[in-house]
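Good morning, and thank you for making time for this presentation. Please keep the sequence and the model in view while I speak.

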Amino acid sequence: MKDYVLKATAFDGEVRAYAIKSTNTVEEARERQDTWATASAALGRTITITAMLGVMLKDNAKLTVKLEGNGPIGAVIADANDKGEVRGYVINPHVDFESNAQGKLDVRRAVGGTEGTLSVVKDLGLRNHFTGQVPIVSGEVSEDFTYYLANSEQIPSAVGAGVLVNPDHSILAAGGFIIQMLPGASDETIAKVEKQIEEIAPISQLIQEGKTPEEVLTLLVGEEGKLNILENMPVQFSCPCSKERLSTAISGLGNEEIDAMIKEDHGATATCHFCNEVYTFSIDELRALKSS
Ligand code: ZN
């Protein structure tokens, strides 16, 4: 099954709901970054939630998420657009620990307890930016985004994201959901949804069992919620980097800097943080990038 995200409403429009299966997307990120299990879980949860935040946008808008705690992975960076394209990386991919007391990958330890910040920058086009920042309250990622949505965007939300890793470090299952209470949601609806969320199995387990995002959302809102699916969008790991884009960046460094690359390094090599693609520039190529 390919990765995709669903947008839906429930309870006659009192609730907005998103669910995603992101196993292949997280696996591609893991392969490209060579993340170890605990880092894969931190990166995978962040990518999964960022993809859902991305499809909440419209008109070619995009967003960048930075989860920066004081743990050994350094920071998790992810960005996504309104077309289901997402990418991400961690500063230190080779992080893995024993499972925590709940038998789960110890993401909190990798991200770093409660010291640090979660920031979200939305590029809404026409130089219109929105920036929100909150302190890290958990380090488990999902709870941090729940806190962000409630405090920075003022939308009461429940966020879940999970990643299961195989013994060979490949990704077994990844997925997530976001449930939001819209203005006017009744106390009764809120109580029902909260109860469902409490009772549902972990999202990574549901995805591993083969549950589709439709089935996950039905479990979350219950039969009574009368799920109304608005859109189904494919999700994939996608990095728009290219040698051309990098050339523009090198040109921007100025002639002095380019001359130094030619004289001292006899060329230039750059690696994209997001996809690990390596770009090399020969002396002749660097010369061509100098402004006359
Ligand atoms: Zn790239």
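Both faces of strand β4 are covered: Val76, Ala78 and Ala80 are buried on one side, and Ile77, Asp79 and Asn81 are buried on the other. Buried here means under 20% relative accessible area, exposed means over 50%, and partly exposed lies in between, with a 1.4 Å probe and protein chains only. In a regular strand the side chains alternate between the two faces of the sheet. Strand β4 comprises residues 76–81, and six of its six residues are buried.

A word on the source: this is a predicted model, in which local features need pLDDT of at least 70 and side-chain atom pairs count only at pLDDT 80 or more, while totals for chains, interfaces and linings use all residues. Residues are numbered from 1 along each chain as its sequence is written, and side-chain values use heavy atoms, with hydrogens and water left out. Helices (H or I, at least four residues) and strands (E, at least two) are DSSP runs, numbered from the N terminus.

Which strands pair with β4? Strand β3, residues 62–69, pairs with β4 in the antiparallel sense over six bridges, and β4 also pairs with strand β5, residues 85–90, in the antiparallel sense over five bridges. Two strands pair if DSSP finds at least two bridges between them. Ala80 of β4 stands opposite Leu63, and the bridge partner of Ala80 in β5 is Val86. Asp79 stands opposite Arg87 in β5.

The connections are hairpins. Six residues lie between β3 and β4, and Gly74 in that turn has a positive phi of about 85 degrees. Three residues lie between β4 and β5, where Gly84 takes a positive phi near 85 degrees.

Strand β5 is largely enclosed by the rest of the structure, because five of its six residues are buried. Two bridges join β5 to β11, and these strands run parallel. Val86 stands opposite Phe237 in β11.

Which residues coordinate the zinc ion? The donors are the SG atoms of Cys239, Cys241, Cys272 and Cys275, at 2.2 to 2.3 Å. Donors are N, O and S atoms within 2.8 Å of the metal (3.2 Å for Na, K and Ca); water is not among the atoms, so sites may look incomplete. The four donor atoms subtend angles of 99 to 116 degrees around the zinc ion, which makes the arrangement tetrahedral; four donors count as tetrahedral if all angles lie between 85 and 135 degrees. Along the sequence, the donor residues are spaced C-x1-C-x30-C-x2-C. Distant parts of the chain are linked here: Cys239 sits in the loop between β11 (236–237) and α8 (243–253), and Cys275, 36 residues apart from it, sits in the loop between β12 (268–271) and β13 (278–281). Cys275 is buried, with a relative accessible area of 6%.

I turn next to another sheet. Five strands form an open sheet in the order β8-β9-β2-β1-β10, with antiparallel pairing. Strands β8 (157–165) and β10 (228–234) stand at the edges with a single partner strand each, so one side of each is left without a neighbour in the sheet. From one strand to the next, the twist averages 10 degrees. Nine bridges join β8 to strand β9, residues 171–181, in the antiparallel sense, and Ala158 stands opposite Ile179 in β9.

Helix α1, residues 23–33, packs on this sheet, touching β2 (15–21), β8 and β9, and its direction makes about 120 degrees with that of β9. Contact means heavy atoms within 4.5 Å. Axes are lines fitted to C-alpha atoms, for helices over the stretch in contact, and angles run from 0 to 180 degrees between N-to-C directions. Helix α4, residues 142–151, lies across β8 and β9, running at about 160 degrees to β8.

Finally, helix α7, residues 213–221: Pro213, Val216, Leu217, Leu220 and Val221 are buried. They cover an arc of only 120 degrees around the axis, which puts them on the same side of α7; the arc is that of the directions from the helix axis to the C-beta atoms. Among the elements covering these buried residues are β1 (4–10), β2 and β9, together with α5 (187–199) and α6 (203–208). Just after α7, Gly222 takes a positive phi of about 75 degrees.

Note on methods. Tetrahedral: all angles 85-135°; square planar, octahedral: opposite > 155°, others 65-115°.
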